[in-house]
Amino acid sequence: MSKVVYTVLFTVALAGAIYPTMAQAPYPADLLEEAQQQFSQRQYDSAIYYAELSVNDSVENPDLAPVYYVLGRAQRRMGQLAYAQDNLVNAIRLTQDSTLIARAHYELGKCYRDKVQPDVAIYHYHRALLFNPDTLDLA
């Protein structure tokens with residue numbers, strides 16, 4: 001091969017290493033897994049970052065309900081209660097999974113508890129038990 005061909009191939013390979021293609025971009029499921037891992041390590045800023053990356057303006061995608069749940073939990077822990085409430089409501093709205101609905105209501109109850117609105121907190125705790133009466137450990 002000529003020197004020009006080698007130079008072009010090297011440039012293409014280098015560009016691919018520096019600017020990965022969309023096919024190499026992380027999948028939302030990978031980002032969700034990373035967000036959950038960061039949350040479990042109490043790295044709430046990182047959990048929010050990865051969850052927001054996986055959402056990427058796809059608010060109507062039912063597969064993203066767990067992402068909204070993780071995002072809402074992390075935001076609640078960071079004191080971002082309004083954002084947490086919005087994302088937990090999105091999780092409830094997008095899923096048919098009764099366990100996820102119960103957990104999201106439970107987290108909403110915590111949000112309202114933190115906002116010192118006990119009546120609304122009790123409402124969400126009650127909803128959590130309605131959707132998942134078999135378990136008390138919803139978190």
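Predicted model: local features only at pLDDT ≥ 70, side-chain atom pairs only at ≥ 80, totals over all residues.

Q: Which residues of α4 meet α5?
A: On the α4 side they are Ala65, Tyr68, Tyr69, Leu71, Gly72, Arg73, Gln75 and Arg76. Their partners in α5 are Leu81, Tyr83, Ala84, Asn87, Leu88, Asn90, Ala91 and Leu94. By class, this contact has 10 nonpolar, four polar and two charged residues.

Q: What is the angle between α4 and α5, and how far apart are their axes?
A: Angles over 145 degrees count as roughly antiparallel. Here α4 (residues 65-77) and α5 (residues 81-94) pack at about 160°, with axes 8 Å apart. That angle makes α4 roughly antiparallel to α5. Their crossing is left-handed.

Q: And how do α4 and α6 pack?
A: At the other end of the scale, angles under 35 degrees count as roughly parallel. Helix α6 covers residues 98-114, and α4 packs with α6 at about 20°, their axes being 10 Å apart. The two are therefore roughly parallel, and this crossing is left-handed as well. From α4, the contact uses Ala65, Pro66, Tyr69, Arg73 and Arg76. From α6 come Leu100, Arg103, Ala104, Glu107, Lys110, Cys111, Arg113 and Asp114. Sorted by class, the α4 and α6 contact has six nonpolar, no polar and seven charged residues.

Q: Is α4 itself largely enclosed or largely open, and why?
A: A residue is buried when its relative accessible area is under 20%. In α4, 11 of the 13 residues are buried, so this helix is largely enclosed by the rest of the structure. The buried set is Ala65, Val67, Tyr68, Tyr69, Val70, Leu71, Gly72, Arg73, Ala74, Gln75 and Arg76. As for length, α4 reaches 19 Å from its first C-alpha to its last, close to the expected 18 Å.

Q: Let's zoom in on one residue. Is Gln75 buried or exposed, and why?
A: Gln75 is found in α4, and with 2% relative accessibility it counts as buried. Leaving aside neighbours within four places in sequence, Gln75 touches Ile48, Glu52, Gln80, Tyr83, Ala84 and Asn87.

Q: What should I know when reading backbone phi values?
A: The general idea is that most residues other than glycine have a negative phi. Just after α4, Gly79 takes a positive phi of about 85°.

Q: Which residue other than glycine has a positive phi near 60°?
A: That is Arg42, in the loop between α2 (28-40) and α3 (44-55). Exposed means over 50% relative accessible area. Arg42 has 64%, so it is exposed.

Q: And which one has a positive phi near 55°?
A: Val116, which is likewise not a glycine. You will find Val116 in the loop between α6 and α7 (118-131). Because its relative accessibility is 68%, Val116 counts as exposed.

Note on methods
Residues numbered from 1 in each chain as written. Heavy atoms only, no water. Axes fitted to C-alpha atoms, helices over the stretch in contact; angles between N-to-C directions. Helix = DSSP H or I, 4+ residues; strand = E, 2+ residues; numbered from the N terminus. Parallel < 35°, antiparallel > 145°, perpendicular 65-115°, else oblique. Left-handed = near helix turned anticlockwise from the far one by under 90°. Contact = heavy atoms within 4.5 Å. Nonpolar A, V, L, I, M, F, W, Y, C, P; charged D, E, K, R; others polar. Expected span 1.5 Å × (residues − 1). Buried < 20%, exposed > 50% of the residue type's maximum accessible area, 1.4 Å probe, protein only.
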